[in-house]
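Biologist: I am new to this structure. Please take me through its features one at a time, with the general idea first and the case second.

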Amino acid sequence: MEEFLGGATWFLDLYFDLIDMEVIGDPHRWEVENDWKTPTENFYGDNYHIPMGHKSAIDAGVGSDTATGEKESNLIGVADCDGHGFSFYQIESEEDSYWGHPPEVVETFNHDALSDEQHEVARKSGVTLGTIFPNLSFIFLGGRDDPEKDSVGTFLLRKWEPRGAGKMEVVNWILAPKAASEEYKERVYEVGMSNFSPSGNFEVDDVGIWYGIDDAAGSVFARQNDDVNTLFTMGRGEDPAATVYEDWVGPGTAYLEGGMTDENQLDFYRTWHEAITSDGGL
């Protein structure tokens with residue numbers, strides 16, 4: 001398992017070594033008329049869609065503190081990590097972030113379990129998301145389901161299970177720190193349910209977009225214009241909008257302005273192509 005995960009273990013330790021977490025409630029299961037690779041790619045690092053794709057929820061004041069603009073962050077996309085991909089919204093502040101968990105919850109964390117470099121990444125993290133190849137994704141965010149309520153740290157783990165051509169089952173688990181109070185765990189569950197569930201504020205936005213991606217990819221226009229340049233240069237000429245972050249302390253290749261690169265997604269498809277064309281396959 002460690003050989004398969006490779007550098008991803010460095011990132012997973014940020015959550016599962018630092019925090020003793022438990023699943024809250026039963027997993028949610030629902031079917032979506034969509035290919036499983038689309039949400040997998042989304043969680044690999046498609047941060048470009050967030051400001052407009054989720055604008056209605058953000059304008060309503062729900063979601064993460066970074067999305068609503070309450071806290072400014074640097075978005076770092078991490079690719080080339082043994083086939084896995086991650087994104088970090090790092091809040092540059094003297095105040096500890098830890099995905100929105102309050103100080104009394106942070107005190108229960110296993111701080112000695114991490115290296116200094118890992119601890120600094122965790123301390124600054126407002127939102128983290130990623131995918132373990134091929135189809136196990138997660139998002140860990142400090143956010144709320146009501147603009148009048150406090151932010152809480154909510155961890156969601158989800159699997160995109162193929163159920164035939166153009167169909168998948170989503171399995172979604174909500175996790176919270178085991179040592180937190182029952183009241184706090186209830187708030188974590190409420191936020192997870194309100195934002196990332198079959199009818200969640202952000203989930204319904206994503207599913208609608210995923211339908212559109214499939215439709216557009218199979219359109220006559222797409223077949224007739226397969227040489228269109230879709231690089232995220234954002235009008236900057238030939239120069240890529242995202243630049244390599246040379247001071248990144250973890251595994252993989254990190255990009256500043258991680259919402260302006262598709263390297264994470266391309267890395268997924270390269271890994272997928274290698275897996276299905278190798279002698280052993282998946």
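Modeller: Start with open spaces. On a 1 Å grid over the protein atoms alone, a pocket is an open set of points with protein on both sides within 12 Å along at least five of seven lines, while a cavity is a set of points where a 1.4 Å probe fits but cannot get out; lining residues have an atom within 4 Å of a point. Grid points are joined across faces, edges and corners, and a volume is the space filled by probe spheres set on the points. In this structure, the second largest pocket holds about 520 Å³ of space.

Modeller: Two notes on what you are looking at. The model is predicted, with residues numbered from 1 along each chain as its sequence is written; local features need pLDDT of at least 70, and side-chain atom pairs count only at pLDDT 80 or more. Totals for chains, interfaces and linings use all residues, and side-chain values use heavy atoms, with hydrogens and water left out.

Biologist: Which residues lie nearest the centre of the second largest pocket?

Modeller: They are N47, I50, T66, A67 and Y89, out of 29 lining residues. Helices (H or I, at least four residues) and strands (E, at least two) are DSSP runs, numbered from the N terminus. Elements that each supply at least two residues of this lining include helix 3 (37-45), strand 4 (74-81), strand 6 (125-132), strand 7 (136-144) and helix 9 (201-217).

Biologist: How does the lining of the second largest pocket divide by class?

Modeller: Ala, Val, Leu, Ile, Met, Phe, Trp, Tyr, Cys and Pro count as nonpolar, Asp, Glu, Lys and Arg as charged, and the others, Gly among them, as polar. Here there are 15 nonpolar, eleven polar and three charged residues.

Biologist: How many cavities of 30 Å³ or more does a search of the whole structure find?

Modeller: One. The largest cavity contains about 50 Å³ of space. Its lining consists of D65, T66, K71, I91, S97, W99, G100, S125, G126 and G142, of which two are nonpolar, six polar and two charged.

Biologist: At what angle do helix 3 and helix 11 pack?

Modeller: Axes are lines fitted to C-alpha atoms, for helices over the stretch in contact, and angles run from 0 to 180 degrees between N-to-C directions. Helix 3 and helix 11 (residues 263-277) pack at about 130°, with axes 8 Å apart. Angles under 35 degrees count as roughly parallel, over 145 as roughly antiparallel, 65 to 115 as roughly perpendicular and the rest as oblique. Helix 3 and helix 11 are therefore oblique to each other.

Biologist: Is the crossing of helix 3 and helix 11 left-handed or right-handed?

Modeller: A crossing is left-handed if the near helix is turned anticlockwise from the far one by less than a right angle, and right-handed if clockwise. This one is right-handed. Contact means heavy atoms within 4.5 Å. Helix 3 contributes K37, T40, E41, Y44 and G45, and helix 11 contributes N264, Q265, F268, Y269 and W272. By class, that contact has four nonpolar, four polar and two charged residues.

Biologist: How does helix 3 pass helix 9?

Modeller: In a right-handed crossing. The axes of helix 3 and helix 9 come within 10 Å and cross at roughly 115°. T38, P39 and N42 of helix 3 meet D206, W210, I213 and D214 of helix 9.
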